Structures are given as C-alpha cells and as structure tokens.
Amino acid sequence: MDTQPLETEKKRSMKKVAVVILNWNGEELLKKFLPSVIAHTPQEWAEVVVADNGSTDGSISFLQEFFPAVKIIPFEQNYGFSSGYNRAIEQLEHPYTVLLNSDIEVTPGWLDEPVRLLEKEPAVAAVQPKILSYRDKKLFEYAGACGGYIDKYGYPFCRGRIFGVIEEDKGQYDSTVDVLWGSGACLFIRTSLYKEMGRLDDYFFAHQEEIDLCWRLRNKGYRIVCTPRSTVYHVGGATLSTEHPHKTFLNFRNNLLMLYKNLPDNAQKKVFRTRFWLDYLAAFQFLLKGKCQNAKAIYLARKEFHKTKKTNPAYSKEKKQEVILNSIPEIYPASLLYTFYIKGKKRFSQLNF
C-alpha cells in the first residue's frame with residue numbers, strides 16, 4: 001500500500017504552533033483564562049494543548065464538556081513543571097511550541113510577532129512577549145517582565161524588574177532585544193531545539209528551569225529574544241522573601257546547579273567562592289526576619305547542590321556541554337546586589353552593560 005498520500009496529508013494538517021498549558025487542579029484558572037487563549041489563537045495554524053499533571057479536580061471533565069477542540073494530554077501524577085512539559089512536548093511535532101501558564105490572559109495577535117521572528121530568524125531559538133501584571137495592568141509582572149538577564153553571580157533580573165522593584169510600563173522597554181532568558185510563564189521555542197538541547201532539566205522540578213534551558217541555548221550560539229509587540233497578562237509572581245521554604249530551597253539549589261552547568265570552568269571557582277558568602281548572607285537576613293525555615297532551606301540547598309554534582313551522572317564534568325560562546329553580552333558583568341543596594345540603581349535602564 002502506498003503510504004505517501006497519507007504522509008502528505010499528515011503534513012498538510014499539521015499546525016505549526018502548539019500552545020501548551022500545564023495544568024494541575026486548575027479548573028478555576030482554566031475557566032477564567034482559557035477563553036482568551038481560545039479566542040486569540042487561530043485554529044487554522046495553532047493548536048491549544050492542555051497537559052494535565054494528574055489533576056483530581058474537575059479540570060478534564062470541564063475541558064471535555066466546554067472545550068472539546070482542546071487536545072488533552074493526561075498524566076497519572078503530578079510531574080512538576082519541568083517533567084510535565086517534557087513529557088507533553090515529547091508527544092508533539094509542531095515546529096513551534098508555546099509554554100503558557102494557566103493563569104495568563106493573552107491579547108489579540110499575541111502569537112503573530114513571536115512566530116514571525118522564529119520563522120524569519122533561524123538563529124532565534126526562543127521568544128518571550130512583554131509580560132504585564134494581570135492584577136495591575138500598568139505594571140510589569142515579576143516573572144519575566146520584558147525579558148530576562150542574570151548578573152555574574154547568577155542573580156536573575158528583567159527589563160522592568162530588579163529584585164522586588166517592579167516598574168510601571170511606560171513604553172521604556174518597547175524595543176525588541178536579545179535577552180539571556182525568556183520566562184517559562186510564556187515562552188515560544190523551536191520544538192526541535194527544545195528536544196535536542198535536553199529539554200527542561202527534570203531534576204529542577206520547578207523554578208529557574210527555563211533560565212537554565214535558555215542559557216544552554218545561548219552557550220550554543222542561539223539567540224533568545226523579547227518582543228514587546230506581543231503582550232500577555234500574568235497573575236503569578238512573588239518576591240523571595242514571601243516564599244515558602246521549599247521554594248527557597250528549589251530556587252537556591254537550582255540556581256547553583258544552573259551556574260555549575262553553564263559557567264565556563266575558568267569562571268567557576270571565583271563565582272562559587274563569592275556565592276558561598278552571598279548565600280549565607282541571605283540566610284542570615286532570613287534569620288533576622290524570624291524566618292528560620294527559609295534560612296535552613298538555603299543551607300540544605302547548598303548541601304544538596306554539592307551532593308548532586310558529585311553523585312548524579314547528569315552533572316558530571318563529562319556530561320557538561322561544550323560552550324561555544326566565550327562571552328555572553330546579556331550577562332551583567334558586575335554584582336547586581338552591589339549595584340542595587342550600595343549604588344542604589346534599582347531600574348534596568350540605570351544598569352551599564
């Protein structure tokens with residue numbers, strides 16, 4: 001039997017974009033935000049997919065009843081952010097994938113410019129839109145704002161947000177620019193590169209896994225871009241001081257692993273020596289605030305980091321990727337802590353790269 005016509009028809013019916021929403025007991029969020037995604041996602045060339053992390057609420061029955069056109073990928077348990085997306089995207093063949101949080105409201109034409117960039121610029125691996133706060137739409141949103149960077153010691157920040165200082169969007173960052181990382185709250189990425197680059201790190205479970213992935217892509221010479229010509233509104237986002245101790249643990253452990261994986265070997269000794277003091281300074285600040293469990297979480301995170309890099313085969317020196325770029329201009333070459341607290345520069349526009 002000639003299968004060529006079947007393969008041709010399959011290619012014709014393949015939509016070029018998969019918008020993947022990872023859900024875990026998020027029925028209420030789906031009710032609130034999925035309608036905007038459906039309304040502003042052209043069915044002719046994009047498909048909405050909900051990957052369900054073993055929900056026990058009515059999420060799946062809600063989707064089946066009210067949004068039967070949405071593709072559902074059900075999992076038997078909660079695999080977390082990293083593994084949940086990895087398992088879902090492994091099943092997709094769309095050229096482009098959008099990782100989209102379930103608490104995001106999208107806007108008309110939100111797909112157009114990011115997809116155009118991916119189609120026209122082969123060196124662009126991933127794109128982030130402008131992310132504003134759903135609660136106050138004049139403000140940037142903490143998790144991503146208008147594109148992400150890190151300083152030389154691994155502290156993440158964004159155009160529009162440094163530590164807990166969030167700027168009002170006055171059009172000051174309305175240029176399309178290269179960044180180090182795009183937020184996992186809304187990240188457009190080439191599906192093939194996502195798979196080839198090892199996907200999100202399963203071990204991270206959650207927090208900073210998208211920074212790690214984007215940094216790996218930059219190390220290979222690919223570009224990460226933020227385009228404010230696409231805008232979404234995100235509910236989530238919080239400062240570290242208000243986090244649960246387990247989130248503190250994941251943030252510190254994952255950040256150290258990310259540095260270990262992506263920093264050139266000749267830079268690691270100095271960075272990790274400095275981070276030792278900076279991490280325990282953060283722990284001391286938690287103690288002063290009476291947050292003993294958060295302080296303990298930093299100690300446990302550092303302990304787990306040292307254990308992991310020695311015992312987990314995925315983090316052995318032999319497994320570390322080859323770095324092509326010797327210098328990445330999107331990494332701030334100074335200490336963000338010093339610049340922020342000592343020099344008093346609290347806005348991205350005040351930083352000198």
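Ala 18 stands opposite Glu 47 in β2, so let's start with that pair of strands, taking pairing in the DSSP sense of at least two bridges between two strands. β1 and β2 run parallel and are joined by seven bridges. To get from β1 to β2 the chain passes through α2, and this β-α-β crossover is right-handed. Right-handed here means that, with the strands pointing away from the viewer, the path from the first strand over the helix to the second runs clockwise. The element names come from DSSP runs numbered from the N terminus, with helices being H or I runs of at least four residues and strands being E runs of at least two.

A word on what you are looking at: this is a predicted model, where local features need pLDDT of at least 70 and side-chain atom pairs count only at pLDDT 80 or more, while totals for chains, interfaces and linings use all residues. Residues are numbered from 1 along each chain as its sequence is written, and side-chain values use heavy atoms, with hydrogens and water left out.

Back to β2, which covers residues 46–53. Seven of its eight residues are buried, where buried means under 20% relative accessible area, exposed means over 50% and partly exposed is in between, with a 1.4 Å probe and protein chains only. On from there, five bridges join β2 to β3 (residues 71–75), and these two strands run parallel. Val 49 has Lys 71 in β3 as its bridge partner. Helix α3 (residues 59–66) sits in the unit with β2 and β3, a right-handed β-α-β arrangement.

Now step back to the loop between β1 (17–23) and α2 (27–39), where you'll find Asn 25. Its phi is near 50 degrees, a positive value in a residue other than glycine. Most residues other than glycine have a negative phi. Asn 25 counts as partly exposed, at 30% relative accessibility. Ala 145 also has a positive phi, about 45 degrees, although it is not a glycine. This one lies in the loop between β6 (124–133) and β7 (148–151), and Ala 145 is buried, with a relative accessible area of 0%.

A search of the whole structure finds one cavity of 30 Å³ or more, and the largest cavity has a volume of about 30 Å³. A cavity here is a set of points, on a 1 Å grid over the protein atoms alone, where a 1.4 Å probe fits but cannot get out; lining residues have an atom within 4 Å of a point. Grid points are joined across faces, edges and corners, and the volume is the space filled by probe spheres set on the points. α2 gives the most to the lining, with five residues. Among the lining residues are Ile 21, Phe 33, Leu 100 and Ser 102. The lining divides into eight nonpolar, two polar and no charged residues, counting Ala, Val, Leu, Ile, Met, Phe, Trp, Tyr, Cys and Pro as nonpolar, Asp, Glu, Lys and Arg as charged, and the others, Gly among them, as polar.

What about the aromatic rings? The whole structure holds 20 aromatic pairs. One of them, Tyr 149 with Phe 348, is tilted, at 5.0 Å centre to centre and 35 degrees between the planes. That pair links distant parts of the chain, with Tyr 149 in strand β7 and Phe 348 in the segment after α11 (336–342), 199 residues apart. Rings of Phe, Tyr and Trp (its six-membered ring) pair if their centres lie within 6.5 Å; planes under 30 degrees apart count as stacked, over 60 as edge-to-face and the rest as tilted. Tyr 149 and Phe 348 are both buried. Ring pairs also tie Tyr 149 and Phe 348 into a cluster with Phe 140, Phe 157, Tyr 173 and Tyr 332.

Finally, have a look at helix α7 (residues 209–219): 11 of its 11 residues are buried, so the helix is largely enclosed by the rest of the structure. Those buried residues include Glu 209, Asp 212, Trp 215 and Arg 218. After α7 comes Gly 221, with a positive phi near 95 degrees.

Technical notes: On a 1 Å grid over the protein atoms alone, a cavity is a set of points where a 1.4 Å probe fits but cannot get out, and a pocket is an open set with protein on both sides within 12 Å along at least five of seven lines; lining residues have an atom within 4 Å of a point.
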